[in-house]
Amino acid sequence: MGRETYLIFMLDNDLFAVNVDNVLEVLEQQQISRVPKAPESILGITNFRGQILPVVNTRFKFNIQSENLSNKNYVIVYEITKNDQRFIVSATADGVKDVIEIDTDEIMPVPEMGLNYDVRFISGVIHQNETYILVIKPDRLFNVEDTEIEKSNLSE
């Protein structure tokens, strides 16, 4: 089928992969400013190339406990196209591990058993070096609402 490149990132002790075609940038030591009355899935806002972006709490999206968020300082900036609409969303990661190239036919289907995550967000599984990496579908994980914070929240 072909080779594609994936960014590997961590949430808690789990590894996730996203196609680099969806990644604009990985930001380290990123300042996140809290916003009053923001939805629970939004940690706050950050500055990306002069643009103010909401920062999605990826742990919340995957139903992972969010202790010690203060030291979680990676923000991945995604570019997503959904229904012919392009939008940019930023989201947290606990760490960024690697960039790998893989044959797309090596991506296995998602098993039916025991995932704590919504399988609609996962497109497959990569098995590499005795480790399993879940491949996310950013267009399903994030939505246009994740890119918007009510203007009234910013003025308070």
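Is Glu-79 buried or exposed, or partly exposed? I looked it up: Glu-79 is partly exposed, at a relative accessible area of 23%. My cut-offs: buried is under 20% relative accessible area, exposed over 50%, partly exposed in between (1.4 Å probe, protein chains only).

I note that this is a predicted model, where local features need pLDDT of at least 70, side-chain atom pairs count only at pLDDT 80 or more, and totals for chains, interfaces and linings use all residues. Residues are numbered from 1 along each chain as its sequence is written, and side-chain values use heavy atoms, with hydrogens and water left out.

**Strand β7.** I took strands (E, at least two residues) and helices (H or I, at least four) as DSSP runs, numbered from the N terminus. In β7 (residues 85-93), 7 of the 9 residues are buried, so the rest of the structure largely encloses this strand. I then checked pairing, which requires at least two DSSP bridges between two strands. β6 (residues 74-82) runs antiparallel to β7 over 9 bridges. Glu-79 sits opposite Ile-88 in β7. β5 (residues 51-56) pairs with β7 in the parallel sense over 2 bridges.

**Salt bridges.** I searched the whole structure and found 6, each a side-chain nitrogen of Lys or Arg within 4 Å of a carboxyl oxygen of Asp or Glu. Glu-79 bridges to Arg-86, closest N and O atoms 2.3 Å apart. Asp-94 bridges to Arg-59 at 2.7 Å between the closest N and O atoms. Asp-94 lies in the β7-β8 loop and Arg-59 in helix α1 (residues 58-61), so the pair ties together parts 35 residues apart in sequence. Both Asp-94 and Arg-59 are buried.
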